[in-house]
Amino acid sequence: MNPEHVTLIYFSPTATTRIVLEGVAQGMGLEIRDSIDITRPEIREDQAPHFSDQLVIIGAPVYGGRLPKDAADYYSRMTASGTPAVLVVLYGNREFEDALLELKDISADQGFVPIAGAAFIGEHSFCSDEFQIARSRPDEKDMNAAREFGQQVIQWLRGRDLKKRPDLSVPGNFPYKEVASRGVIPFLDVTEDCVECGVCAAACPKSCIDETDHFATIDELCIHCCACVKVCPEQARVLKDGPIKDIARWLSEHFETRKEPQTFMAE
Ligand SMILES: Cc1cc2nc3c(=O)[nH]c(=O)nc-3n(C[C@H](O)[C@H](O)[C@H](O)COP(=O)(O)O)c2cc1C
């Protein structure tokens, strides 16, 4: 197969997944034909597409060692007929556990041919000035690795007959790690620095910011992705004292050692 363009499909509340996918595409030297951002709630409400004779890169962050539910649900509704897929997960320097395997299994079940996989590191959603976790990643070294991975995929793909089904092996276990259920967690305070500009509400993938109540987070709907925190121009959204802040502190104390991207090619 000699692709001339590539389609990106991603869930990426704080943009690290999107940035790495674009780096992989750049390394491939291919035009990005389409960029399907399923972070947007209205896109997830659309009918999921069918793919045929093209190359796709599918990406998602790791949440609790798994795919975020909204991403897994959407990817389980896409269909494909033998479409080669490059699979990428982004994690915050703790572990990616079963997320890449879950992405591979879903895409294979839906008719894609997984040809390569990767786990990259992105600044942790809970990273702040107080609790630094994988701050500013992906950095230049990560982006070089993303571009190299893209080059490697294209070299692997050129002239290859995908009817001889390639076998991609990635780390992870089945049954997958259980999704932790902590119930409704009080998550964010909105400080008096908030100017009610609405940037947070526009960025929220769950439409769970109440514009009629001083842009408070509706905790029952929130997935703690921190899109609103990172996008706020006034830095007016801060973690409340409680379980998420405790996790942020624990992560910053236990996962300081830099992890490097891992890539996997089919045989
Ligand atoms: C609810 C939640 C759970 C997370 N779980 C993990 C995890 O299990 N392991 C890890 O290393 N990072 C974890 N992270 C961090 C994200 O995977 C990481 O920040 C990623 O780069 C975010 O991708 P995005 O920028 O595309 O949103 C979690 C983040 C959130 C919000």
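Which residues does tyrosine 75 touch, not counting residues up to four places away in sequence? The views below start there.

This is a predicted model, so local features need pLDDT of at least 70 and side-chain atom pairs count only at pLDDT 80 or more, while totals for chains, interfaces and linings use all residues. Residues are numbered from 1 along each chain as its sequence is written, and side-chain values use heavy atoms, with hydrogens and water left out.

**View 1. Tyrosine 75 and its contacts.** Here's the answer: Tyr75 touches Ile9, Tyr10, Phe11, Ile38, Ile58, Gly59, Ala60, Leu103, Ile106 and Gln110. Contact means heavy atoms within 4.5 Å.

**View 2. The largest nonpolar core, with 63 residues.** A nonpolar core is a set of buried Ala, Val, Leu, Ile, Met, Phe, Trp, Tyr and Cys residues joined through side-chain atoms within 4.5 Å. Buried means under 20% relative accessible area (1.4 Å probe, protein chains only). Tyr75 turns up again here: along with Met28, Ile57, Ile58, Val86, Val88 and Ile115, Tyr75 touches the most other members. Elements that each supply at least two residues include helix H1 (16-28), strand E4 (55-61) and helix H5 (140-157). Strand E7 gives the largest share, 8 residues. Helices (H or I, at least four residues) and strands (E, at least two) are DSSP runs, numbered from the N terminus.

**View 3. A second, separate core.** Among the 21 residues of this core are Phe187, Cys208, Cys222 and Cys226.

**View 4. An open sheet of 6 strands.** Read across, the order is E2-E1-E4-E6-E7-E12, and the pairing is mixed. Two strands pair if DSSP finds at least two bridges between them. E2 (31-37) and E12 (262-265) stand at the edges with a single partner strand each, so one side of each has no neighbour in the sheet. From one strand to the next, the twist averages 20°. E1 and E2 run parallel, joined by 6 bridges; look for Thr7 opposite Asp34 in E2.

**View 5. Helices on the sheet.** H1 lies across E1, E2, E4, E6 and E7, at about 155° to E4. H5 touches E4, E6, E7 and E12, and its direction makes about 165° with that of E7. Axes are lines fitted to C-alpha atoms, for helices over the stretch in contact, and angles run from 0 to 180 degrees between N-to-C directions.

**View 6. Around the ligand.** The ligand is surrounded by 25 residues (each with a heavy atom within 4 Å). The closest are Ser12, Thr14, Thr16, Thr17 and Val62. A polar side-chain atom of Arg94 lies 2.8 Å from a ligand oxygen atom.

Terms used. Buried means under 20% relative accessible area, exposed over 50%, partly exposed in between (1.4 Å probe, protein chains only). A polar contact is a pair of N or O atoms within 3.5 Å; within protein, one must be able to donate a hydrogen and the other to accept it, and residues adjacent in sequence count only if both atoms are side-chain atoms.
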